Amino acid sequence: MIVNEKVAPIHIIGAGLAGSEAAWQIASHGVSVVLHEMRPIKSTDAHITDHCAELVCSNSFRSDDAEANAVGVLHQEMREANSLIMACADKNTVPAGGALAVAREAFSETVTKALHDHPLITIERGEIDELPSADNGSCLVATGPLTSEPLSKSILAATGEDALAFFDAIAPIIYFDSIDMDRAWFQSRYDKKGPGGTGADYINCAMNEEEYKAFIAAMLEADKTEFKEWEKAKYFDGCLPIEVMAERGIDTPRFGPMKPVGLTNPHDPETDPYAVVQLRQDNKLGTLFNIVGFQTKMKYGAQSDVFRMIPGLENAQFARLGGIHRNTFLNSPKLLDDTLRLKSHPHLRFAGQITGCEGYVESAAIGLLTGRFLAAEALGHAAVPPPETTAFGALLGHITGGHLIDSNGGRRSFQPMNVNFGLFPPVEFSKRREDGSKMRGVEKQLSKKKALAKRALGDTRAWLEEISIAAQET
């Protein structure tokens with residue numbers, strides 16, 4: 001690594017997943033970084049440590065399938081782009097079927113140590129309450145869904161409009177030794193193995209119809225955290241509170257996190273479960289498990305009572321109860337250019353959830369891109385966006401051009417989005433089997449996904465090689 005001492009340090013506000021990844025990318029290209037993090041001087045309602053890249057919701061990075069899953073493709077693209085977040089995730093895996101899940105604290109500790117030990121990264125603790133001026137050089141804002149009120153006001157002043165908001169909920173975490181394994185059992189759906197997994201990575205708690213209906217009724221009747229904004233609050237569909245899901249229909253959870261498919265209860269193999277609650281390992285030791293998909297806004301006392309109605313969790317002891325927090329994001333297609341610069345103040349870039357992506361991996365990926373854009377510009381190179389055919393490019397395209405035209409010709413409001421194959425441009429793919437017969441249904445869709453994934457990874461490698469050669473020639 002060649003260190004360029006003539007280039008001014010780049011400042012990053014926020015040491016979450018996006019800010020941490022951006023700092024690593026910039027420093028890896030020989031440019032110094034000052035990473036500002038307000039914790040522990042000032043904390044938030046969701047964080048409990050002062051670690052960089054602390055995970056405050058799930059501990060899952062979702063599917064690691066790079067052949068047929070969009071988020072798995074994004075994982076692989078990030079690995080090939082020297083991602084710190086993916087490297088630390090791979091070092092701290094816990095079993096989770098086909099998903100990549102991490103030991104929560106060990107992961108963030110590994111990220112923090114890597115940043116702290118890098119000679120070109122300085123971590124400064126303390127709140128930044130306003131955006132810096134252009135006189136201070138380039139700055140990346142990666143403050144995530146919990147941007148402080150003073151900084152939010154400064155961002156609003158710079159953008160000239162209101163930031164949109166919705167609410168994220170957090171699932172509870174339970175001590176393993178308080179789970180009744182005479183009623184619960186280990187199994188992944190369809191016995192699927194994943195990174196570090198065995199095919200029996202989740203704890204499953206089965207419910208019959210009577211138990212399920214009583215549970216849903218109690219959950220809907222429970223006391224909940226309410227805010228004046230609730231009537232106008234918007235939820236991201238991928239992180240709905242379980243009780244909000246149930247409000248949409250009594251069977252909605254059974255077709256979501258409580259679906260009973262692909263599982264057989266060894267304690268009663270002749271009876272098909274009506275619904276199943278799954279718990280996923282949360283730390284490396286296997287002493288903590290979180291309830292999958294059970295983000296909640298129920299009050300603490302109500303949570304304990306309601307969740308102990310789940311068979312196997314009658315005596316559950318909670319390491320952390322669930323909660324709710326506000327998420328803020330920009331109207332990015334209007335405000336940001338194709339390299340995530342604020343159009344009205346080009347010395348400022350934004351990354352992570354505040355740009356309107358959703359999910360740990362997506363936030364880190366946008367941090368990776370902005371870090372590379374900033375490093376390139378600092379070194380006198382062009383900031384070259386990735387092709388739209390890649391997972392990087394598809395996600396970036398949603399953020400910078402994600403307004404859709406509705407049936408009446410009007411523009412729909414910009415909303416957060418996980419990476420998915422629906423964001424990728426169409427691809428040519430085989431619709432016939434080797435014997436010449438036509439593929440149908442799931443088989444045809446799988447062929448399409450594999451083609452999208454193969455193209456994405458090939459184009460990512462070509463892009464990384466292109467920008468590497470261009471940097472060497474400059």
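Visitor: In which strand is arginine 62 found?

Guide: Strands (E, at least two residues) and helices (H or I, at least four residues) are DSSP runs, numbered from the N terminus. Arginine 62 belongs to strand E3. The model is a predicted one, in which local features need pLDDT of at least 70 and side-chain atom pairs count only at pLDDT 80 or more, while totals for chains, interfaces and linings use all residues. Residues are numbered from 1 along each chain as its sequence is written, and side-chain values use heavy atoms, with hydrogens and water left out.

Visitor: Which two residues does the cis peptide bond join?

Guide: The bond joins arginine 39 and proline 40, with omega about 5°. Proline 40 is placed in the loop between strand E2 (33-37) and strand E3 (60-63).

Visitor: Which residues have the most contacts inside the largest nonpolar core?

Guide: A nonpolar core is a set of buried Ala, Val, Leu, Ile, Met, Phe, Trp, Tyr and Cys residues joined through side-chain atoms within 4.5 Å. In this model the largest such core has 84 residues, and Phe61 and Phe107 have the most contacts inside it. Helix H10 (residues 360-378) gives the most to this core, with nine residues. A second, separate core has 34 residues, including Ile242, Ala246, Met258 and Phe307.

Visitor: Which residues is phenylalanine 107 in contact with?

Guide: Contact means heavy atoms within 4.5 Å. If neighbours within four places in sequence are set aside, phenylalanine 107 touches Leu17, Ala53, Leu55, Phe61, Ile85, Cys88, Ala89, Asn92 and Val102.

Visitor: At what angle do the axes of H10 and helix H11 cross?

Guide: Axes are lines fitted to C-alpha atoms, for helices over the stretch in contact, and angles run from 0 to 180 degrees between N-to-C directions. Angles under 35 degrees count as roughly parallel, over 145 as roughly antiparallel, 65 to 115 as roughly perpendicular, and the rest as oblique. The axes of H10 and helix H11 (residues 391-401) come within 10 Å and cross at roughly 90°. The two helices, H10 and H11, are therefore roughly perpendicular to each other. On H10 the contact involves Glu362, Ala365, Ile366, Leu368, Leu369 and Phe373, and on H11 Phe392, Leu395, Leu396 and Ile399.

Visitor: What is the order of the open sheet with mixed pairing?

Guide: Two strands pair if DSSP finds at least two bridges between them. The sheet with mixed pairing has six strands in the order E6-E2-E1-E7-E17-E16. Strand E6 (121-125) and strand E16 (341-342) stand at the edges, each with a single partner strand, so one side of each has no neighbour in the sheet. Within this sheet, strand E7 (residues 139-141) and strand E17 (residues 345-350) pair in the parallel sense over three bridges, and leucine 140 stands opposite arginine 349 in E17.

Visitor: Which strands form the open sheet with antiparallel pairing?

Guide: The order is E10-E11-E12-E13-E9-E14, six strands in an open sheet. Its edge strands, strand E10 (185-186) and strand E14 (318-320), each pair on one side only. Helix H6 (residues 209-221) packs on the sheet, touching strand E11 (202-207) and E12, and its direction makes about 100° with that of E11.

Notes
Buried means under 20% relative accessible area, exposed over 50%, partly exposed in between (1.4 Å probe, protein chains only).
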